[in-house]
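Hi,

Here is the structure we discussed. Please have a look at it, then read the notes below.

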Amino acid sequence: MLEVEQLHFEDALEDSPHSRHLLLVFEKDAMMIKKYSQNMQNCCQRIMSAQNELCSATQSLAQLLRSYEHQDFPLEYGDSVLAITLRQFATFLDDISSVHQVLAQQFSETMIYPLNKFLQADMEEITTMHEMYKIASNEHEQSISKYMKQTIKKDDKDRVEINREIHANRKRFHQTALHYYSSLNALQFKKKCFLLEPIMGFLHAQRTCFQMGQDMMVKSDIEQFLGNIGSSVQEVHTELAKETQKTVEIIETIEKQSQHKYFAEPPPDMPFIPPNTNLSNITGYLFCRTKQVLLTAKWERLYFFTQGKFLMSQPKEEVIKNPEFAGSLVIDLSDEGIVVESCQIDDRRHTFQIVSSKKTVILQAENYRERDEWIATLNNIIREREFTKLAPAPSKKKDSSGQSTENISAASNTQTGPNQSTVASISTTASSETLILDTPIQFDLISPSEENRAVSSPQSGPPKRVNPFDQASSIVLNPAFDNAAFSETFTTRFLGSMEVKGDRGEQLVHSTIRQIMAARAIHNVFKMTESLMVVSSEGMRLIDPSNNIVRVEFALQDISFWSAHPDNNRLFGFITRNRTLAAPGSTDGKPSEADKNQNASPSFSCHVFESNTTAEDICQAISTATKVAFQALMAEDQYLGEKERPSTNTSSSSSSA
């Protein structure tokens, strides 16, 4: 059995983002095969044209040789030896011309015809199926949206009509997808023979028709090679016939098994299928309710799935645009007091809600069976997590060095303050020359507004703000920031921050990025704080986009180094010098003597961000801001020097007097 990549027909109806992404890979492969086949067709057409031209030229030469005896040469009489010789040559050329003509005919049948058939039949069929698949998919999406907008009080007659429309569109979409999948799967077999048959036909025609090339063409290795290729092509044809029959049977079986899925709401005459309440994970499309401006609500169709204790979502279009997009966190099912239950909202049918102490998520399923399965599965996950929390804590182990280590999952559940900022420690295998071992990593930012809300929270004790930038919450912002000579704004997401030993070096920044990304993966950290990064000649600010409150501000003299990641052009980091904070009891804002002694050596931190644009643009903006600030400083020093020069001359003259 040949190992050929294939699309799974079972995923055609579900149409998940992952199946769409896999389909995109097959479509890209089909387009590349088409382009390659067209180039091969151009080369073979050139050979065919050259062969036809050779045949025509040989015939013309034979006619020219025969015409010699009909020429009235003044110095030649009757049938000369030259004329007889040329006539014999013309006979030979006629034989060679006939050989070339047969060769051209064989080229047309064995080389040009398979390629034209492959391009005009198979590749055009895939192109047509692609357009039909897009149309069927759009009609399916429109009918689903139309159906989901039906209210409970809507007339049953209209609902039945829309339900029938969904049945027709979904069945059409499923059938189109199945046949489209079948064509793409068959292409993987066909490319293994249709790209070989033209070349094999070319070689066979050369061996058959060119008797003068026997010494060169009739060899055991060529014979063996052509025999092997012929056997392989025949085997592919046999496998294609078997696979075609198998595909027809699978499509018929899947269509029979999917009859109940064509309806959004099963009709009364179909057998009753109870919901499965014993699932531990679930996936599928749901409509999610989001609030808009002016207290209006928007319902958006998203693909939801459970991943451990998290409920995740994915827009279909986002996965197609960005395949690395792993999904967005909707809600953590391990939160305390979380409840999943059905509800009635916006006069919509089959709605349910997930309520926790932090947020409420309202979702809508297509029918009662899907709704009950989602509610039961989410409750199963909640009960399983509660049972895990009640289980005994894992015992500490000792490694080979004698030091005790705990389960890494304990670190991933560590929460700091009301904002749930996860703090982890880097691996002790990091290089001690660049990174500080066992230093904490801060994965979240706290804006001043969030800090104020945390202070007034009645459910927690005295909060402690973990500031990854080592700046006080009462920092005085630079008022000259708004009138900066140079300023650019970028949308960034904070990934993490940790203390480092040095204040510069690309290798240091790249190592820190790797450590933070690895820690996020180990501790399952999905949240990323989005900020507006304003880079100006006065400094750098991170602004909360929801309320335009400045989260943190850096002076340019505190930013010592910046660099983009060499392998990911959206990741970058910069190193800052940590300023010494004033003592809590100090009234003049100066650090105490104890703090001076304790912080005698400067400390540095590296902060890692992800940008919507290329990281090189942000690094270039920081470089430009630094140059502008330096030029302004030099101009100010020059102005002050010129201003002080006359007063110096006056004092010198008075002293002389």
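**Salt bridges**

Arginine 493 and glutamate 610 form a salt bridge through their side chains, 3.2 Å from N to O. A salt bridge here is a side-chain nitrogen of Lys or Arg within 4 Å of a carboxyl oxygen of Asp or Glu. Arginine 493 sits in strand E12 (residues 487-500) and glutamate 610 in strand E18 (residues 604-611), so the pair ties together parts 117 residues apart in sequence. Helices (H or I, at least four residues) and strands (E, at least two) are DSSP runs, numbered from the N terminus. Both arginine 493 and glutamate 610 are buried. Buried means under 20% relative accessible area, exposed over 50%, and partly exposed in between (1.4 Å probe, protein chains only).

A caution on the source: this is a predicted model, where local features need pLDDT of at least 70, side-chain atom pairs count only at pLDDT 80 or more, and totals for chains, interfaces and linings use all residues. Residues are numbered from 1 along each chain as its sequence is written, and side-chain values use heavy atoms, with hydrogens and water left out.

Arg493 and Glu610 also belong to a salt-bridge network with Glu530 and Arg570. The structure holds 19 salt bridges. One of them joins aspartate 122 to lysine 190, with the closest N and O atoms 2.4 Å apart. That pair links distant parts of the chain: aspartate 122 is in helix H2 (residues 81-148), lysine 190 in helix H3 (residues 156-194), 68 residues apart. Aspartate 122 is buried at 9% relative accessible area. Lysine 190 is buried at 17%. Aspartate 544 and arginine 551 form another salt bridge, at 3.4 Å between the closest N and O atoms. Both of these residues are buried.

**Open sheet**

An open sheet has 7 strands, in the order E4-E3-E2-E1-E7-E6-E5, with antiparallel pairing. Strands pair if DSSP finds at least two bridges between them. At the edges are E4 (328-332) and E5 (339-343), each pairing on one side only. Strands E1 (residues 283-291) and E2 (residues 297-307) are joined by 9 bridges. Lysine 291 has alanine 297 in E2 as its bridge partner.

**Around threonine 626**

Threonine 626 lies in helix H13 (residues 615-656). Its relative accessibility is 31%, so threonine 626 counts as partly exposed. Beyond neighbours within four places in sequence, threonine 626 contacts Leu556 and Trp562 (contact: heavy atoms within 4.5 Å). Glutamate 538 is 88 residues from threonine 626 in sequence, but 8.8 Å away in space, C-alpha to C-alpha.

Best wishes
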